[in-house]
Amino acid sequence: MESSLSETTETITELDALIIGAGFAGLYQLHCLRDKVGLSARVLELGDGVGGTWYWNRYPGARCDSESHAYAYYFSSELLEEWQWSERYPGHAEIVRYLNHVADKFDLRRDIQLGSCVVSAHFAESENRWIITTEQGQRFSATYLITAVGCLSAANVPNIPGLQDFKGEWYHTGLWPHDDVDFKGKRVGQIGTGSTGIQSAPVIAETADHLTVFQRTPNYSVPARNHVLSEEFKRHCRENHEEIRAVMHSTPNGHAFTISDRKVFDVGPDERREIYEDYWEDGGLRFRSCFQDLLADKAANDTAAEFLKSKIREIVKDPQVAAKLSNIDHPYAAKRPPIDTNYFDTFNRDNVSLVDIRANPIERITPMGVETSAGHHELDIIVFATGYDAMTGPLLNMDIRGRDGLPLREAWKEGPRTYLGLTVSGFPNMFTITGPGSPSVLTNMPVAIEQHVEWITRCIAHLQDDGVKRIEASAEAADLWVGHVNDAANATLLPQAGHSWYLGANIPGKPRMFMPYAGGMVRYRTICDTVSDNGFEGFRLDEDAVGPPKAVQNATVGPFVASTTTNATGI
Ligand code: N01
């Protein structure tokens with residue numbers, strides 16, 4: 001039931017469920033809670049349109065690295081049969097069109113409030129409700145609070161001295177203006193060479209007078225080999241979506257391709273090189289499916305790393321530039337590996353230069369450009385492709401307080417602690433879609449999102465049916481889960497990229513802790529199902545504890561984790 005209560009001076013809107021964010025996660029959560037469970041629900045969205053990450057990430061070259069036929073909701077056959085993607089990888093504008101289509105098709109807009117920035121959410125224990133306030137001065141009271149804020153939505157603009165005095169224009173890729181930025185005739189500096197920078201540099205270079213790429217950490221990249229989809233492939237997807245979904249649900253990363261059982265040293269050097277060549281030609285994230293032990297065995301990984309470095313040296317004509325680009329210090333795919341369209345080729349252009357800021361760090365931004373320890377670069381535009389305060393940033397940027405007024409920031413001062421990545425001890429009736437401790441960014445995101453949303457929906461429906469007023473993860477369950485998340489990461493090479501955002505290492509002062517769950521989507525789904533099938537193990541329902549969570553205790557990490565995380569990927 002939704003109602004507005006007039007208080008002395010202010011109005012508070014009462015809801016069953018309040019959802020923060022109108023991206024893939026928030027839209028589906030609204031549909032499930034409103035149309036399947038029958039709750040009054042509302043989405044508050046900061047942007048002026050739906051789309052979440054894709055509403056903001058409109059930077060040049062922004063395109064999803066998941067293949068389009070897998071980067072979609074699979075809960076509705078009708079939707080799968082009526083929507084057709086145009087290219088192998090969907091561009092940001094096409095994804096925004098898709099999400100708008102979903103919002104219309106399921107009549108979601110009437111319960112989405114755009115332009116609404118949530119500043120606080122406090123649990124009022126005496127009322128057993130969440131009180132949510134927005135920057136615009138609105139107040140809401142809800143039984144359930146669901147955060148659908150995305151993992152990569154808190155832009156990280158590095159604190160480089162002098163930025164405020166820069167006389168040119170500057171942009172962060174994750175907050176790209178909706179009016180196009182014109183690079184024509186401009187000297188552009190791009191800071192950052194992660195997945196985003198690798199997508200944007202080739203496109204910026206096409207129109208800029210000059211592009212200077214400031215590289216701190218060189219990166220691997222595999223060609224995306226994007227192309228327009230044939231009518232035959234589109235028909236295949238429409239007619240076989242059950243089978244495609246079955247593959248996506250059987251793989252650790254939620255993609256629509258399977259991973260070879262073969263290990264790197266099962267084959268000799270010549271055959272291995274041929275295999276790498278074939279997958280390089282095929283392109284995209286599939287490259288990592290060629291062997292199953294690339295993220296489990298450093299010696300195996302070294303062979304892929306050397307292959308990819310040799311490709312950089314082949315493509316880039318200037319040996320000094322090639323050396324800077326291929327001087328990569330981490331195992332392949334231990335940081336989220338990018339895919340690209342002409343990234344390394346871009347450095348063969350006359351109007352592109354590479355500056356190694358590992359050797360010569362940026363000292364400050366001046367009114368006219370960027371000063372490194374080796375000299376000054378005059379610029380008209382600076383593009384920060386410097387990433388995000390990932391996973392925890394979007395949650396901690398709101399003032400969320402649980403039982404006894406405990407701030408989430410305090411509860412997580414030594415790093416995020418969740419149970420299943422979906423709930424936090426001390427924060428009753430709150431759910432975090434793709435929260436830290438969930439597989440999320442190590443998977444094809446829509447698959448993880450559908451699973452999270454459906455589990456939360458099942459949980460809330462159970463509470464409603466049984467008249468349970470409050471659910472809260474026990475501290476013991478959260479401890480077990482955090483331990484399991486660490487064990488799963490440590491069974492892989494992922495923590496060996498010491499500067500990765502997976503560890504929070506990109507944000508000064510952020511606690512170092514491997515945040516996503518690296519045990520694979522299949523294992524994760526099984527654990528979540530076991531937890532709910534056993535009456536929500538590890539939770540307190542009202543005052544009664546159900547536990548301890550045997551599903552987690554039994555989820556040992558071993559060869560399964562090592563082999564199945566080989567192809568962990570992000571969005
Ligand atoms: O951010 P990043 P991103 N001075 O953090 C550099 C997803 N995604 O936006 O490595 C100088 O990976 C930083 O250097 P270093 C995907 O999950 C998906 O590229 O810290 N440089 C690095 O080079 C991805 O992983 C898609 O040494 C600084 C870069 O900036 C995630 O988003 C597309 C700096 C940041 O790389 C984030 O990717 C794009 C500083 N102070 C992204 N601070 C699709 O699938 C940071 N850097 C569409």
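Predicted model: local features only at pLDDT ≥ 70, side-chain atom pairs only at ≥ 80, totals over all residues.

**Salt bridges.** I searched the whole structure and found 34 salt bridges, each being a side-chain nitrogen of Lys or Arg within 4 Å of a carboxyl oxygen of Asp or Glu. Residues are numbered from 1 along each chain as its sequence is written, and side-chain values use heavy atoms, with hydrogens and water left out.

**Glu14 and Arg129.** I looked at this salt bridge, with N to O at 3.7 Å. Glu14 sits in strand 2 (residues 11–20) and Arg129 in strand 6 (residues 129–134), so the pair ties together parts that are 115 residues apart in sequence. Helices (H or I, at least four residues) and strands (E, at least two) are DSSP runs, numbered from the N terminus. I noted both Glu14 and Arg129 as buried; buried means under 20% relative accessible area, exposed over 50%, and partly exposed in between (1.4 Å probe, protein chains only).

**Glu169 and Lys186.** The closest N and O atoms of this salt bridge are 3.8 Å apart. Glu169 counts as partly exposed because its relative accessibility is 32%, and Lys186 is partly exposed at 25%.

**Glu231 and Lys234.** Here I found a salt bridge of 3.2 Å, N to O. Both residues lie in helix 6, three residues apart, about one turn of the helix. Lys234 is buried, as its relative accessible area is 15%.

**A network.** I also traced salt bridges linking Arg34, Asp35, Asp107, Arg110 and Asp111 in a network.

**Positive phi.** Most residues other than glycine have a negative phi, and I went looking for exceptions. Arg225 is not a glycine, yet has a positive phi of about 55°; I found Arg225 in the loop between strand 11 (222–223) and helix 6 (231–239). Ala333 has a positive phi near 75°, and lies in the loop between helix 10 (319–326) and strand 12 (339–340). Which is Ala333, buried or exposed? Ala333 counts as buried, because its relative accessibility is 3%.

**Ser66.** I placed Ser66 in the loop between helix 2 (53–56) and helix 3 (77–82). Ser66 counts as buried, since its relative accessibility is 0%.
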